[in-house]
Amino acid sequence: MATTPTQVAVPSELPQDLKFNSGKIDEFVTSMGWSYIDRFGNKHYTIEGLRYLAQQAIAAFGYITMDSFQDGAELTLPNQVLRDTTTGEYYRWDGALPKVVPAGSTPQSSGGVGIGSWMSIGDAALRSDLASADVARGSSLVEYTPSFPNGVSNSVSEKLTLDVRTLTDYGFKAGNTGAQNKAAFQAAIDSATLPIKIVIPEGSFLVEPGITIKTNVAMIVGSGPYQSRLFPSSGGTAVITQQVGDITFCELRDFGIDGNGNCPGINLSSANHIKIYNVDVSNTTNNAILLNGYSNDVIGCRIFSNKGNGLSLGGVLNNINILRNRIYGNEASGILVNPTDPLAGLSVNIMQNDIEQNKLSGIYAFNCKGLNIDFNYFERNGESGYPYGIPEAINIKADIHLIASEYTLIGSLSLANKCVSVRGNQQTAIGFASSMPNQDGFIFTNFAHNLKVENNQILDASKINALISIYRNNLSSKIDTLLTISSNTINDVNFIGSYDAANQNPNGAHFIYDIDNKMNVNHADRNMLSWVASAGSTGSLTKSTNLFNGEYSFIVGDGDRTWFSSIDLSVHQELKGKWVWFGAWVNDQGNSSKIRLGIDGQFGSDGSVTGTAKNKWEFISVCTFIPTSKTTIGLNVNKVGSGIVLINSPCAVSVGTAFNRVSSPPTQFRSPSLPSTGFWDKGERVINSAPATGQPKAWTCTVGGGPGVVNWLSEGNF
């Protein structure tokens, strides 16, 4: 104010004080502020300030509610409020009292709404908007602001729509029919335009099978496998299946499916980057969970008491992790691994699982190119055994089946498991603490290619016939690279199944390498000068000057003779009751002929089939079981086809010694008489194998060559 008042005591009649106070009267009456300052600097309330204080007092004391604008009323107190029945809102009169409201009025028709008129004192409109199903109201009116820096605000409606959908939003609830809940579940999936999370509420719910996942579903999650549980109301397809084509990047977690014996559980036939975590699946038909595709994980699930396989893995099966699951009591196999793509089966990891009481097998796998079965617990798997039907009906009881075919024993290299590790597992056999028969093996296979089995613990080795059982028929079974065994409770290998003893004996046993086995001494006579013809009338076995690995080779000439050497089991008793293989290096020299090896007349290949020319050195073998009643073993060499074949370094050892681990002293040539055949180098020496008085002790070659050229010098007589 322009006028400066005095400090004269009240009452002052000085003109400047009267002029100052007239302005203050105007401020007191008309100002919207709550206070003003007098000429002494003291603060006082304006009329508006007093009105505010009255409102606060009324609010603290409480309003007196009255009906209604529509019925008519008279308000005589400032804390009386009148209801508008059309909106449910209450109003107080902000003007002079008493206030008469005629019947049939509204706030607008009986004085208007605003300061000095009717003032709303409630939130009925807001509550109505918040409760509205209109997409522009309800949660769209409430703002969500992230608590982290630089977060972008959205409405609560936008936040929930983008990030999560609860099935209850679509009418999914207990008490519905299975069809109603399926429709609600499917509506939540079908309405997704961006990747979303769908929440299954707590409770047990009937659902009709065939809920179809689509690509925009990022996660289906419940409150836990026993807290959120689905029960199919009918049979047919799986409870949860997928759209035609691929689905990717979806996680299923924290819920349960009880199949009620009606249908499969989860069937994802072409799914990549899928994670199934803490899901419980039981009482289903066929496969509890079928998951075909790559980069998939199944972690921490319970899969039990299903009519088929617990977990079936197929398709383009690469980069798979099956970790920390409990898979038990399933009528077929616990885990079926069956990649169907030629480039599939790379990096399949089955680790730290509890695999128990699955009737056919714990794990059945074929066509894997990088399979790791490590640090699992196996118990009482294979009680019923796996019923193979081709090429013979045979029932195999084993925890792990590594097969080179689709459910038969006809071996196919294209379906063989290649690069397999079985490490650090623990096993309890079906016969442990019961009268059940022994298992055939911890592992059963008909095709071993880069198989390594190490550090596995067998609880009771007396209840299992072998660590590894191999199909015996060489037409359907092969070992074509080192099969390495190390540091297991038992390391023995057994061959089982029917076969033709004449030409179907196992022919890859020389690849079996038991690192712990110290019995690697060669029991075959490498001096083939001492081998004799046991059958046939034509043919020759002569020494050559061809060296391979520092050893001289022998020539098996044309003819029908079978050459024979014996092993005295009274001297070599360690071979009794063992599987023994007899093998040698051979080279067909480019001829269409082949060598057949046999033990006691039992050969490892068909005598009617000639060889295909290879012109290179290769190691071949034959294997058979030596009963404890045997007193001798006869080793046999026979050639089929036209043209000579070289043979080098014959070996006979028990199974477990690999061909490149056989211990043999340098070959000493022995003969009962001066050699008249073969090809010799100068300086070679032949010891007399039939010593007698007056006979030479040995002969040394002084001129190298063959018959008619070679010359010998006696080393003196006995």
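Are Asp94 and Arg92 buried or exposed? Both Asp94 and Arg92 are buried. The views below come from a predicted model.

**View 1. Asp94 and Arg92 meet in a salt bridge.** The gap from N to O is 3.0 Å. Side chains of opposite charge can pair when their charged atoms come close. Asp94 is buried, and Arg92 is buried with it. The structure holds 16 salt bridges.

**View 2. Lys639 pairs with Asp558 in a salt bridge.** The closest N and O atoms are 2.7 Å apart. Lys639 sits in strand 54 (residues 632–641), while Asp558 sits in the loop between strand 48 (551–556) and strand 49 (562–568), so this pair ties together parts that are 81 residues apart in sequence. Lys639 counts as buried because its relative accessibility is 5%. Asp558 has a relative accessible area of 43%, so Asp558 is partly exposed.

**View 3. Arg685 and Glu715 form a salt bridge.** Their closest N and O atoms lie 2.8 Å apart. Arg685 belongs to strand 57 (residues 685–688), and Glu715 to the segment after strand 59 (711–714), so the pair links parts that are 30 residues apart in sequence. Arg685 counts as partly exposed, at 43% relative accessibility. Glu715 is partly exposed with a relative accessible area of 34%. Elsewhere, salt bridges with shared partners join Glu251, Arg253 and Asp254 into one network.

**View 4. Helix 5 covers residues 178–190.** This helix has 13 residues, and at 1.5 Å a residue they should span 18 Å. Which residues of helix 5 are buried? They are Gly178, Asn181, Ala184, Phe185, Gln186, Ala188 and Ile189. An α-helix has 3.6 residues a turn, so residues three or four places apart point the same way.

**View 5. Ile335 is part of the largest nonpolar core.** That core has 92 residues. Phe185, Ile335 and Ile512 have the most contacts inside it. What does Ile335 touch, not counting residues up to four places away in sequence? Its partners are Leu311, Leu313, Ile322, Ile327, Ile350, Ile355, Gly362, Ile363 and Tyr364. A second, separate core has 32 residues, including Ala524, Leu597, Ile626 and Phe669.

**View 6. Ile25, Val29 and Ile47 form a nonpolar patch on the surface.** Together they have about 270 Å² of accessible area. Val29 lies in helix 1 (residues 15–30). Val29 counts as partly exposed, at 46% relative accessibility.

**View 7. Asn292 lies in strand 21 (residues 289–292).** Its relative accessible area is 15%, so Asn292 is buried; the cut-off for buried is under 20%. Leaving aside neighbours within four places in sequence, Asn292 contacts Leu268, Ser269, Ser270, Ala271, Ser312, Leu313, Gly314 and Gly315. How many residues separate Asn292 and Ser553 in sequence? The answer is 261, and their C-alpha atoms are 53 Å apart in space.

**View 8. Ile430 lies in the loop between strand 37 (426–428) and strand 38 (441–445).** Ile430 is buried, with a relative accessible area of 2%. Ile430 touches Arg380, Asn381, Gly382, Glu383, Lys397, Met436, Pro437 and Gln439, not counting residues up to four places away in sequence. Ile464 is 34 residues from Ile430 along the chain. The C-alpha atoms of this pair are separated by 8.7 Å.

**View 9. Cis peptide bonds join Val10 to Pro11 and Leu97 to Pro98.** Most residues other than glycine have a negative phi, and most peptide bonds are trans. For Val10 and Pro11, omega is about -5 degrees. Pro11 is in the segment before helix 1. For Leu97 and Pro98, omega is about -5 degrees. Pro98 is in the loop between strand 6 (89–93) and strand 7 (99–101).

View 10. Asn367 lies in the loop between strand 30 (361–365) and strand 31 (371–374). Asn367 is buried, at a relative accessible area of 3%. Asn549 lies in the loop between strand 47 (541–548) and strand 48. Asn549 is exposed, with a relative accessible area of 59%.

Note on methods
Residues numbered from 1 in each chain as written. Predicted model: local features only at pLDDT ≥ 70, side-chain atom pairs only at ≥ 80, totals over all residues. Heavy atoms only, no water. Helix = DSSP H or I, 4+ residues; strand = E, 2+ residues; numbered from the N terminus. Expected span 1.5 Å × (residues − 1). Buried < 20%, exposed > 50% of the residue type's maximum accessible area, 1.4 Å probe, protein only. Salt bridge = Lys/Arg side-chain N within 4 Å of Asp/Glu carboxyl O. Core = buried A, V, L, I, M, F, W, Y, C linked by side-chain atoms within 4.5 Å. Contact = heavy atoms within 4.5 Å. Patch = residues over 30% accessible without salt bridge, like charges linked within 9 Å, V, L, I, M, F, W, Y side chains within 5 Å. Areas by Shrake-Rupley, 256 points an atom, 1.4 Å probe, with all protein chains shown as cover.
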